[in-house]
Amino acid sequence: MHTMIRWIRKLKIEKRLRTFFFLASIVPVLILGICSAAGSYEEMKEMAVDYSAAMADISLGNMEQHFSKYLSQIEAVEESSALLQRISSYNSADWDEKKQTENDMRLLVNSIFGQNQEVDTVEISSADGAKFYYPSPITKKGSPLLAETEVLDGPLWSFIPKETGADKENYIVISKAMKPYGTIVLALKKDYAETLCENAGAVKQWKTAIFDGSGALVAGEDAFDRASGADGAVAFTEQGKMFTSGHVISSMQWKIVNGVPYSYLLDGVYQQIGVLFALLAAGILVVFYLSKIMTASITEPLGKLTKAMERDGWKELLTDEGRDEYHELIQGFNQMNERLGHMGNEVLQMELKESRLERIKKETELSALQKQINPHFLYNTLETIYWNGQYEGAEEISDVVIAVGNYFRTIISKGQEYTTVGQEAKSVENYLFLQNLRFGGRIRIWWDIREGTEDCRVMKLILQPVMEDMINEALEEKAKEIQFCVEGKREGSQVRFFISGVPRNLTEGFRKIQELPGCGNVNQRLKLYFGQHYGVTIEENGICILVPVKEEET
């Protein structure tokens with residue numbers, strides 16, 4: 001019991017109450033409904049089995065009536081004893097007697113079987129070996145069918161092809177010995193049996209199959225088998241699940257199997273179950289509505305108290321007009337809120353002091369990192385100014401001096417930690433201008449600054465140290481021409497720079513940022529000042545720099 005209580009306590013009160021209402025109201029109705037539906041289903045199933053068996057008896061009677069017609073016609077042939085006597089001695093008769101016997105036999109067969117379109121062939125074999133067939137033979141000399149028929153007292157029903165000719169289709173073959181005169185063989189078309197199966201049922205959904213004595217399917221539904229047919233047995237066909245019943249046709253010793261779909265016989269049960277589920281659905285909606293009202297009266301005060309506890313700050317007091325236990329709980333919460341408010345103010349003052357100290361520490365570290373810019377560039381530039389003055393003339397020296405001045409103005413500007421994206425790009429252009437003087441114009445750069453990005457304010461000296469690393473790496477590879485493309489676009493509250501054309505020795509193996517002085521400097525500054533989300537990453541196709549946008553102060 002205690003284990004169950006602990007498990008229930010893991011659920012919210014609202015879920016507990018709604019579960020209780022559901023179990024107390026819907027479950028009993030559901031159990032009664034299921035029991036009622038199950039009882040009705042079994043009752044209707046028994047009725048369906050009885051109905052199926054009764055319809056199978058009717059179908060059996062119709063089949064026996066149809067097939068017994070041919071036995072009567074064979075008996076009519078046997079009654080012509082005088083003609084059969086002449087057939088038995090056909091081979092020893094003269095030519096005129098043979099001709100007369102053939103004509104009389106043809107007239108007899110036409111008069112008895114001529115109106116039956118389902119009869120394909122009639123064959124009569126005499127005791128002395130003569131054959132009379134209309135229109136084609138069925139058996140051959142030494143026929144096993146005739147040998148089997150002669151030892152029987154009654155007719156033999158078979159589902160076989162003709163023994164002679166090229167026709168390999170199966171026929172319903174009836175053979176009977178007319179002792180002592182000979183044997184008659186009758187071949188019926190299979191389509192006739194198919195038509196009987198189609199017309200056997202009282203309704204369209206009814207399905208019928210006929211199996212011969214060996215269990216082979218003669219006609220009808222091929223999903224059945226000869227073993228089917230016990231009352232109430234189940235078979236699965238293309239039409240779905242079916243009740244089946246089977247009976248043996250006594251005159252043939254063949255079996256007829258009938259099937260009727262579940263959906264047809266049990267339609268009433270399915271409707272009853274549908275009504276039951278509709279009532280259950282309506283009951284669930286009513287219970288859900290009532291339980292929602294009841295649980296709201298209990299959970300709303302708790303929800304108000306929970307939301308108040310989740311809010312930052314402790315100044316707001318709760319009001320409650322109820323008179324139950326929740327009212328006392330809320331009053332206690334308000335008293336605790338007031339006490340915690342005083343404690344919160346003290347903690348806030350301590351956090352502000354720690355924040356100021358942390359900011360001073362970051363600014364100190366940032367200033368130290370900015371002073372790590374490689375000073376040897378200044379000496380190289382001054383050397384370039386000197387040699388250009390010696391060999392090129394005053395105009396180029398003037399350009400160099402202007403570029404150097406602009407570049408160092410950006411680096412050493414005091415009190416300005418931020419610049420615009422456009423100004424940062426101009427600083428890089430000045431740097432590349434000076435480098436091209438050293439390396440004969442081998443360095444080229446393309447800019448793709450998206451609209452709305454150029455005026456964004458970002459931390460200064462973001463691009464130039466990275467470009468310096470890339471140029472140095474390219475020079476190590478002894479590249480004849482160094483080309484870069486810088487893409488800059490604003491993404492929300494940050495700007496993303498992507499530099500392509502990076503030397504392969506940077507991207508292959510993804511060298512660490514710490515191994516590159518310029519990239520390491522920029523990466524450390526961004527992470528120190530803004531957090532781990534920002535910084536420099538070396539990707540497979542280039543270098544990505546992610547820097548936040550400084551909003552204008554008002």
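Residues are numbered from 1 along each chain as its sequence is written, and side-chain values use heavy atoms, with hydrogens and water left out.

The pLDDT, the predictor's confidence in each residue from 0 to 100, averages 77 over the chain, and 72% of the residues score at least 70. Where pLDDT is low, the predicted coordinates should not be read in detail.

Let us turn to strand S5 (residues 182–188). Strands are DSSP runs of E with at least two residues, helices are runs of H or I with at least four, and both are numbered from the N terminus. Are the residues of S5 buried or exposed? Seven of its seven residues are buried, meaning under 20% relative accessible area with a 1.4 Å probe, protein chains only. Gly182, Ile184, Leu186 and Leu188 lie on one side, and Thr183, Val185 and Ala187 on the other. In a regular strand the side chains alternate between the two faces of the sheet.

Which strands pair with S5? Strands pair if DSSP finds at least two bridges between them. Strand S1 (residues 119–126) is antiparallel to S5 over seven bridges, with Val119 partnered by Leu188. Strand S4 (residues 170–178) also runs antiparallel to S5, joined by seven bridges, and Val173 has Ala187 as its partner.

Note on methods:
Predicted model: local features only at pLDDT ≥ 70, side-chain atom pairs only at ≥ 80, totals over all residues. Buried < 20%, exposed > 50% of the residue type's maximum accessible area, 1.4 Å probe, protein only.
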